[in-house]
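I opened the notebook again today to look up a few spots in this model. Here are my entries, in the order in which I made them.

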Amino acid sequence: MSSPRLFPTQEVGSIAKPRWLLQGLKGQAPTPEALQELKRWRERTSFVPEHDPRLKKLEKGEIEEVGAHGLRDLGALFGLRYLETAGLDLVYDGEARRVEMYEFPIRQMTGFELSGHVRSFDNKYYLKGASVGPVGLVAPYHLDEYEFLRKEARRQLKVPVTGAYTLADWSWNEYYLGKQKGWKGRKARRAAQRELLVDIARHAIRPTLKALIDRGASVLQIDEPAAGTHPDEAELVVEAFNESTEGLDAKFVMHICFSDYRCLFPALLEAKRCRQFLWEFANRDTPEKDGYRDLELFMEFQDDREIGLGVTDIHRDVLESPELIRDRILRASKILGDPSRIYVNPDCGLRTRSLDVAWEKLTRMVRGADLARAAIGK
Amino acid sequence: MSSVNLGLTSSFPRSEALVSATRDLDRGRRGAEEVQALFDQETSRVIALEAKLGFSTVSGGDLQRQDLFRPFSDSTPGLEVGPLTRWFETNTFFRQPIVHAPPQWAPGAFARQLPLERLLETRLPPRVILPGPYTFVNLADNRTDLTPAELGRRWSELLALEVHDLAAHGVRAVQIQEPSLVVRPPSVDEEAWVRGIYDPLASALSEVDSLLWTFFGDGAPILPLLASLPVDTVGVDLADTDPALLTDLPTGKGLGLGCLDSRTTLLEDPQEIARIVREVNARLQPSEILLGPGAPLELVPWGVAERKLGVLPQVRDLLEGIPAGSRSTGEGAQASAGDGSGGSSTPSNRARGSARTSAGSSSSDRSRPRSAKGKSSRPKAKGGSR
């Protein structure tokens with residue numbers, strides 16, 4: 001599905017949840033600050049009409065009347081309109097209904113238990129699960145959110161789904177590792193991990209992707225942030241992707257970030273149903289170092305797939321100018337030799353930035369893509 | 001059989017209470033004093049566990065440390081706290097130290113961040129973890145004109161001052177963390193400069209019990225280099241090292257075996273560990289065998305970590321031919337403070353919830369601390385020390 005214009009812009013996944021949504025989901029009436037935020041973003045994005053009864057109730061603090069379902073719908077509408085109004089060509093809902101990218105899908109599967117918090121860094125933690133039995137699926141997930149968005153969206157939807165490799169890598173592997181005989185060294189761990197990720201791919205991700213496609217989803221993004229964690233597991237990343245997408249027909253995008261991309265080559269080329277590699281680059285682009293040089297890998301290995309080009313750093317509040325974004329796009333175009341392969345996006349989900357900062361980053365990104373188009377003359 | 005010591009050779013995970021408190025602290029919902037009190041309390045719990053399990057040293061688990069380098073990059077002139085960087089092959093991250101100028105020692109800055117008062121309350125020698133010079137050079141962003149060898153030596157000079165200072169504070173055992181030595185090992189040509197960067201540390205390390213610990217990589221090919229460094233004991237991570245390939249340990253050197261795998265919540269089999277230890281001991285005849293976690297135990301939750309540590313006394317009982325449950329006296333009778341109540345472990349045991357550890361404890365003999373060099377031996381730790 002080629003886009004009609006050069007440098008289509010797209011989101012990657014999550015944005016921060018607004019305060020009124022977080023407070024509402026806890027059963028709390030919105031604070032004055034949350035109401036102010038609601039008003040400001042409603043004026044900017046028109047995500048909900050002024051006469052909507054849910055809005056009136058929310059403003060009055062009648063949270064029970066709005067209900068969790070109503071709140072989540074409003075949250076999804078907000079995320080969708082926020083991204084559309086920012087000017088993106090491919091959108092979703094900022095993952096408004098999801099807890100986060102690991103815990104939510106794990107909770108939809110059988111064979112896992114959430115076991116406890118592990119530190120990610122500093123005072124940040126994540127809840128980690130353990131595989132304690134064969135992987136199964138309670139029911140395909142993300143369907144309700146997709147069907148809701150399909151009715152509401154004014155732009156092309158791209159559905160993010162956490163990949164099997166990442167879900168396996170971020171879990172402890174008790175069931176499959178326990179089946180390995182003898183000392184649980186690297187070889188045993190690797191074999192058990194392969195079993196786990198293949199089962200996740202076959203029994204949970206593939207049925208979910210199929211159900212989404214059956215409902216009309218045509219662009220699906222498989223998120224594999226863990227892909228570069230183990231430099232010698234590139235084949236497993238690819239196996240997880242191929243198992244997940246086997247027999248399915250849609251445009252599949254693979255999102256990888258904060259990784260040493262070189263270690264994934266040439267294995268990654270075997271991800272045959274992947275039409276676009278959406279990667280983080282801006283974070284590694286400094287005045288001293290060209291963060292886009294890894295694009296040369298595609299030339300080196302003669303791969304001509306689309307590139308989702310990360311042009312906005314999601315870890316810093318520093319706002320990239322549209323001119324800097326234009327230059328990054330043009331630099332990538334020069335390396336790849338074909339600007340029509342490039343989609344423009346943030347490095348990753350923007351949920352760690354405030355809504356204000358994310359907005360500025362996204363609108364500057366859209367302007368940067370406009371400038372790049374103008375520079376190329378299309 | 002060489003003498004077998006046990007130890008917490010890594011950081012320990014934060015409890016769920018600490019997870020909640022530190023999150024609240026970041027969100028401004030709890031005050032620093034309240035959170036500090038909880039850190040103190042939980043550190044005391046770890047120390048009590050170490051004593052209970054019959055470990056030869058206490059560390060307190062480094063609960064408050066944000067990452068291996070942070071206490072130094074926060075306070076060392078010449079260093080700056082840099083960007084989040086993946087901590088080897090894990091889903092955890094550290095702040096990369098940025099070196100702007102040759103690092104200068106900040107007297108007492110590191111010691112002030114340690115729970116020394118609590119550690120010294122026990123009768124076991126405190127052991128403190130330091131970032132090794134090779135790993136520092138390997139992971140830091142060096143923006144100075146110093147060559148890697150020069151920066152490594154500079155770091156060792158700083159560590160030497162630190163070791164002197166720690167010894168003056170009563171610290172009698174020092175553990176140098178060197179994961180990069182096995183993850184990104186030096187080439188044969190580079191081994192000389194690796195030995196060279198340790199030269200400035202040699203004198204200081206001779207004043208304390210010194211341990212060099214490697215993890216996340218295969219220690220077997222590099223064991224001769226590790227053993228040539230000026231430390232008493234060198235440790236390898238058995239999750240990534242085939243013990244059958246460990247050879248060439250010089251006489252008089254101790255060997256650390258990281259026999260608890262922090263990358264799985266499965267509980268290790270004490271019988272299997274004991275079998276490996278016997279084989280390694282027969283082949284290498286180390287002066288001492290130290291058993292502990294390989295990679296940092298904070299990669300699993302508190303309860304799992306506690307149960308995994310409870311395997312170690314069982315291994316030692318097996319090595320010493322003592323039937324499970326027959327040695328224990330006093331408080332050491334139950335290895336896992338939470339929910340363990342006896343029973344044997346198998347490889348398929350799950351350490352997260354209901355898995356139980358068999359009795360393992362600190363008898364008077366095995367909890368006797370090693371005497372630090374140049375220091376008078378402290379009184380041996382009795383079973384009742386807490």
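I looked up B:Val99 and found it opposite B:Asn142 in β5(B). The model is predicted, so I read every value here as a property of that prediction. B:Val99 belongs to a pairing I then checked: β3 (residues 93–99) of chain B runs parallel to β5(B), with 2 bridges between them. Which strands make up this sheet, and in what order? I noted 3 strands, in the order β2-β3-β5 (chain B), forming an open sheet with mixed pairing. The edges are β2 (79–86) and β5 (141–142) of chain B; each has a single partner strand, so one side of each has no neighbour in the sheet.

**Entry 2, strand β10 of chain B.** Next I went to β10 (residues 288–293) of chain B. I found 6 of its 6 residues buried, so the rest of the structure largely encloses this strand. What pairs with it? β1 (residues 3–6) of chain B does, in the parallel sense over 4 bridges, and there B:Val4 stands opposite B:Ile289. β9 (residues 254–260) of chain B also pairs with β10(B), again in the parallel sense, over 5 bridges. In that pairing I picked out B:Gly258, whose bridge partner in β10(B) is B:Gly292. From β9(B) I followed the chain through helix α11 (residues 270–284) of chain B to β10(B), and this β-α-β crossover is right-handed.

A:Phe258 is not a glycine, yet its phi is positive, about 50°. I located A:Phe258 in the loop between β8 and β9 of chain A. Is A:Phe258 buried or partly exposed? Its relative accessibility is 25%, so I logged A:Phe258 as partly exposed. The loop between β8 (251–256) and β9 (274–279) of chain A is also the place of A:Pro266. A cis peptide bond joins A:Phe265 to A:Pro266, with omega at about 0°.

In chain B I checked B:Phe216, another non-glycine with a positive phi, about 75°. B:Phe216 sits in the loop between β7 (209–213) and α10 (223–227) of chain B. Its relative accessibility is 6%, so B:Phe216 counts as buried.

For A:Trp20 and A:Phe47, the ring centres are 5.8 Å apart and the planes at 10°, so I filed the pair as stacked. A:Trp20 is in helix α1 (residues 19–25) of chain A and A:Phe47 in the loop between α2 (32–45) and α3 (53–60) of chain A, so the pair ties together parts 27 residues apart in sequence. Both A:Trp20 and A:Phe47 are buried.

Last, I looked up the second largest pocket, with a volume of about 370 Å³. Its lining has 22 residues, and the closest to its centre are B:Gln36, B:Gln64, B:Gln113, B:Leu114 and B:Pro115. Which element gives the largest share of the lining? α2(B) does, with 4 residues. By class, I noted 6 nonpolar, 8 polar and 8 charged residues in the lining.

How values were computed:
Residues are numbered from 1 along each chain as its sequence is written. Chains are lettered from A and ligands numbered from 1 in the order in which they are written. This is a predicted model: local features need pLDDT of at least 70, side-chain atom pairs count only at pLDDT 80 or more; totals for chains, interfaces and linings use all residues. Side-chain values use heavy atoms; hydrogens and water are left out. Two strands pair if DSSP finds at least two bridges between them. On a 1 Å grid over the protein atoms alone, a cavity is a set of points where a 1.4 Å probe fits but cannot get out, and a pocket is an open set with protein on both sides within 12 Å along at least five of seven lines; lining residues have an atom within 4 Å of a point. Grid points are joined across faces, edges and corners, and a volume is the space filled by probe spheres set on the points. Ala, Val, Leu, Ile, Met, Phe, Trp, Tyr, Cys and Pro count as nonpolar, Asp, Glu, Lys and Arg as charged, and the others, Gly among them, as polar. Buried means under 20% relative accessible area, exposed over 50%, partly exposed in between (1.4 Å probe, protein chains only). A crossover is right-handed if, with the strands pointing away from the viewer, the path from the first strand over the helix to the second runs clockwise. Rings of Phe, Tyr and Trp (its six-membered ring) pair if their centres lie within 6.5 Å; planes under 30 degrees apart count as stacked, over 60 as edge-to-face and the rest as tilted.
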